[in-house]
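Here is a short walk through one structure. Take a look at the whole chain before reading about its parts.

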Amino acid sequence: MLAAAACLDEWNQARVAGRTGQPLDVLLDVVGGLLLTAIVLAVARAIRSSRRRAGSPR
């Protein structure tokens, strides 16, 4: 899904005057999206772990 959105974004940019849609930009968009997803998951895991250690039910 992320790659499809990146491809559509670049396709749209290629149709705008003065802009270019580059395959490398698709790769950078996908890598950035995956990196952000990994960060969000790590933060969520850390929050869950700290709540368990504190004795909270959730």
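The paragraphs below go from the overall form to single residues.

This is a predicted model. The chain has two helices and zero strands. Helix 1 covers residues 2–14. Helix 2 covers residues 23–54.

Now consider the overall form. The C-alpha trace spans about 55 × 20 × 15 Å along its principal axes. The radius of gyration of the chain is 18 Å, whereas a compact globule of 58 residues would have one near 10 Å. One pair of residues gives a sense of distance. Trp11 and Ser50 are 39 residues apart along the chain, and their C-alpha atoms are separated by 43 Å.

Next comes the surface. The chain exposes about 4900 Å². Carbon and sulfur atoms supply 65% of that area. Of the 58 residues, 10% count as buried.

Trp11 counts as exposed because its relative accessible area is 52%, and the cut-off for exposed is over 50%. Gln13 also lies in helix 1. Gln13 counts as buried because its relative accessible area is 14%, and buried means under 20%. What is Gln13 in contact with, leaving aside its neighbours within four places in sequence? The contacts are Arg19, Thr20 and Gly21.

Turn to helix 2, where Leu28 is found. Leu28 has a relative accessible area of 52%, so this residue is exposed.

Definitions and conventions: Residues are numbered from 1 along each chain as its sequence is written. This is a predicted model: local features need pLDDT of at least 70, side-chain atom pairs count only at pLDDT 80 or more; totals for chains, interfaces and linings use all residues. Side-chain values use heavy atoms; hydrogens and water are left out. Helices (H or I, at least four residues) and strands (E, at least two) are DSSP runs, numbered from the N terminus. Buried means under 20% relative accessible area, exposed over 50%, partly exposed in between (1.4 Å probe, protein chains only). Contact means heavy atoms within 4.5 Å. The radius of gyration is taken over C-alpha atoms; the globule rule is 2.2 Å times the number of residues to the power 0.38. Accessible areas come from the Shrake-Rupley method with a 1.4 Å probe; for residues, only the protein chains shown count as cover.
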